[in-house]
Amino acid sequence: MAIQAYFLPETVDEAVSLLAEYGPDLLVMAGGTLAMPLINEGVSMPAMVMGLRRAGLDGVGESNGRLAIGATATMTQMLAQDAVPMLREAARAVGGWAVRNMATVGGNLFAPPPSGDFAVALLALDAEVHLLSQSGARTIPLEEFYTGFMTTALQPGELVTGFHVPRPTGRTVYLKAGRKHANTPAVVTVAAQVVMDNGTVTDARIALNAVGPHPMRARSAEAALIGQPLDEAAIHAAAEAAMQESQPFTDAIASEWYRRRMTGVTVRRALTQLAS
Amino acid sequence: MTAKIVSFNLNGRDVDVMVKPLTTLQKLLREDLGYTAVKIGCKQGGCGSCTVLVDGEPMMSCLLPVEDVAGRRVTTLEGLAQGDELHPVQEAFFENYAIQCGYCSPGMIMVSTALLEHNAHPSREEIVEALSGNICRCTGYEPIIRAVSTAAERMNGNGSR
């Protein structure tokens, strides 16, 4: 069945009202880098599609010490912001140039692993997601947005409209292991933020991508650091814990075994980089 | 299924086209308008052979609905040469034998042209990074990288880093 309608709302209210009207029959698309390949292949055959490129959701700015990112801001826009350097590295880790000109921050939440290398950085930065429907707006921590493989906390009629990213209070590191130097799917990606006080770790965020159903926090790895100096022993313990709690999978890029090994290696490298 | 009229600028000329919902720019350009430099490789955004410039920025035309480029400026390889005179990037590809089977060449040239607009003297690393979304399955990357350096020198003088 051919696609019956393609909507290009010019405001977010219009987008939300289309979503309320057509519900699950309406495929929401931003940059098109996830939806269009499936449509081109005939894997996805939506009756109706809504494109968000003109919905005015691509703003990027700072307010109250936080970075505000619109859902359809592109990876290229993220490369251009200076507020949170880790987000530049994460944007650089997504696709090649042309894809970065199209792929959006909001869309990255819906990218099945091993994709999602931008969202994993948002997770390490404690980003919040803004959701809007006709019955109102709500904001949730990004961590609560993911509920399983390709499932999210989005309610029917809800649209991801943007993000708030607090200024990092600790040191940050972003490290992606891939098969190639650039434009490569992840074997594993690690984004971490570590807060230190007097040589002791007081708070830690370690987020992993491509080793689970979605980008996720490595809670036991974080716990292994808290209260410790960021030394070799603590880093080793955190890397071991991350390996244990990772849920790697086998695909054309890497085997489950290799992904698990590389999770330990990459967490260790990332934290060692932070410690120096 | 209502067709829509979409207006945009194509290679310096204003065009109005009638498209069915979600028709890709790739299909329109290649099949309907005859701009066959826009290749069909993977239709996944993974090979770069369909790359066009939208307002000077490289984009994958296989992932781009025509309706999204309404009012914007689209450039294909056909828009680079001035009459019989090749664009310096095309010239450099030709001279450096940067073309084997030729299928990736239009995409490579579009990205290279955009790169030199952004960065007059790209380093080798910057050239490689910029072209990382374009696959040459003949694996003839070295002459392509050389061609971009040659074009940079010719267009912007000798100052390559």
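1. A crossing of two helices is called right-handed if the near helix is turned clockwise from the far one by less than a right angle. In this predicted model, H2(B) passes H5(B) in a crossing of that kind, a right-handed one.

2. The two elements are helix H2 of chain B, residues 88–95, and helix H5 of chain B, residues 141–156; they pack with axes 8 Å apart and at an angle of about 135°. That angle makes H2(B) oblique to H5(B), because only angles over 145 degrees count as roughly antiparallel and those from 65 to 115 as roughly perpendicular.

3. On the H2(B) side, the contact is made by B:Pro88, B:Val89, B:Ala92, B:Phe93 and B:Glu95. They meet B:Ala147, B:Thr150, B:Ala151, B:Arg154 and B:Met155 of H5(B). By class, the residues of this contact comprise seven nonpolar, one polar and two charged.

4. Chain B also has an open sheet of five strands with mixed pairing, in the order E2-E1-E5-E3-E4. Its edges are strand E2 (13–19) and strand E4 (57–60), each of which pairs on one side only. On average, neighbouring strands of the sheet are turned by 40° against each other, direction ignored.

5. Within the sheet, strand E1 (residues 4–10) and strand E5 (residues 73–75) of chain B run parallel and are joined by two bridges. B:Leu10 has B:Val74 in E5(B) as its bridge partner.

6. Helix H3 of chain B, residues 105–118, packs on this sheet and touches strand E3 (51–54) and E4 of chain B. The direction of H3 makes about 30° with that of E3(B).

Technical notes: Residues numbered from 1 in each chain as written. Chains lettered and ligands numbered in written order. Predicted model: local features only at pLDDT ≥ 70, side-chain atom pairs only at ≥ 80, totals over all residues. Axes fitted to C-alpha atoms, helices over the stretch in contact; angles between N-to-C directions. Helix = DSSP H or I, 4+ residues; strand = E, 2+ residues; numbered from the N terminus. Parallel < 35°, antiparallel > 145°, perpendicular 65-115°, else oblique. Contact = placed C-beta atoms within 7 Å. Nonpolar A, V, L, I, M, F, W, Y, C, P; charged D, E, K, R; others polar. Pairing = 2+ DSSP bridges.
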